Amino acid sequence: MESSSARSGGSTRREATRQKLYEAAVTLIAEQGFSATTVDEIAERAGVAKGTVYYNFASKSVLFEELLRHGVGLLTASLKDAAEGTARAGGGKVDALDAMIRAGLVFIDRYPAFTQLYVAELWRTNRAWQSTLMVVRQEAVAVVEGVLREGVAAGEFSDEIDVQLTAAALVGMVLVAALDWKSFQPERSLDDVHAALSRLLQGRVSGRV
């Protein structure tokens, strides 16, 4: 049997390989679409043998499904970290939401191709991975829902707000605004975009401070 250190090293190498495959797949699919992207192209872009792709994933569809799970999982973790960091610093729930908006923008700035794919897939209903996409989407939105519910319980937010719809709207606001930023206003800084969304969050779109 392998020693624990050998197993750990093997696991680390496999994760590194899977990460290369995720990055290759997301770039190619963003460039030319899922159907047009082949396993051979993914392997070539990742710098591995075609068999390595199938060793890690049963098919191209499974690879893409796991890519979605992996990417949205990273986003969810960043949102949780932002909320928990705000709580440790003694901030309120509005502060937590604002920190999560910034965390979302940082994620999208780092992974623009993945974000583009994720948003596109949300509009499709005939994909094999649709159920997985809905599950991971809800995991991300649930983090925002949790902060909103805590804010309602603490009296920071009105108990009349629709928590589920508001959480989805906040996540959607960040996704759409960030895509517009990256596509049509790339000259703007992350801080600038965050400040604009922060004012919107706090109801200051009229320009009053």
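Ala, Val, Leu, Ile, Met, Phe, Trp, Tyr, Cys and Pro count as nonpolar, Asp, Glu, Lys and Arg as charged, and the others, Gly among them, as polar. The legends below concern a predicted model.

**View 1. The lining of the largest cavity, by residue class.** In this lining, 12 residues are nonpolar and 1 is polar, while charged residues are absent. The volume of this largest cavity is about 150 Å³. Leu79, Met100, Leu170, Val171 and Val174 are the closest to its centre among the 13 residues that line it. A search of the whole structure finds 1 cavity of 30 Å³ or more.

**View 2. The helices around the largest cavity.** Helix 4, helix 5, helix 7 and helix 8 each give two or more residues to the lining. Helix 5 gives the most, with 5 residues.

**View 3. The largest nonpolar core.** This core has 58 residues, and Met100 and Leu105 are those with the most contacts inside it. Two or more of its residues come from each of helix 1 (4-32), helix 2 (39-46), helix 4 (60-88), helix 5 (93-110), helix 6 (112-122), helix 7 (130-153), helix 8 (163-184) and helix 9 (190-201). Domain 1 (9-57) and domain 2 (61-201) each supply at least three residues to the core. In soluble globular proteins, nonpolar side chains tend to be buried together.

**View 4. The surroundings of Met100.** Which residues does Met100 touch, not counting residues up to four places away in sequence? They are Leu79, Ala82, Ala83, Val143, Val144 and Val147. Met100 is also one of the residues with the most contacts inside the largest nonpolar core, and Met100 and Leu79 both belong to the residues closest to the centre of the largest cavity.

Notes
Residues numbered from 1 in each chain as written. Predicted model: local features only at pLDDT ≥ 70, side-chain atom pairs only at ≥ 80, totals over all residues. Heavy atoms only, no water. Core = buried A, V, L, I, M, F, W, Y, C linked by side-chain atoms within 4.5 Å. Buried < 20%, exposed > 50% of the residue type's maximum accessible area, 1.4 Å probe, protein only. Helix = DSSP H or I, 4+ residues; strand = E, 2+ residues; numbered from the N terminus. Domains from an automatic or database assignment. Contact = heavy atoms within 4.5 Å. 1 Å grid on protein atoms, 1.4 Å probe; cavity = no way out; pocket = protein on both sides within 12 Å on 5 of 7 lines; lining within 4 Å. Points joined across faces, edges and corners; volume = space filled by probe spheres on them.
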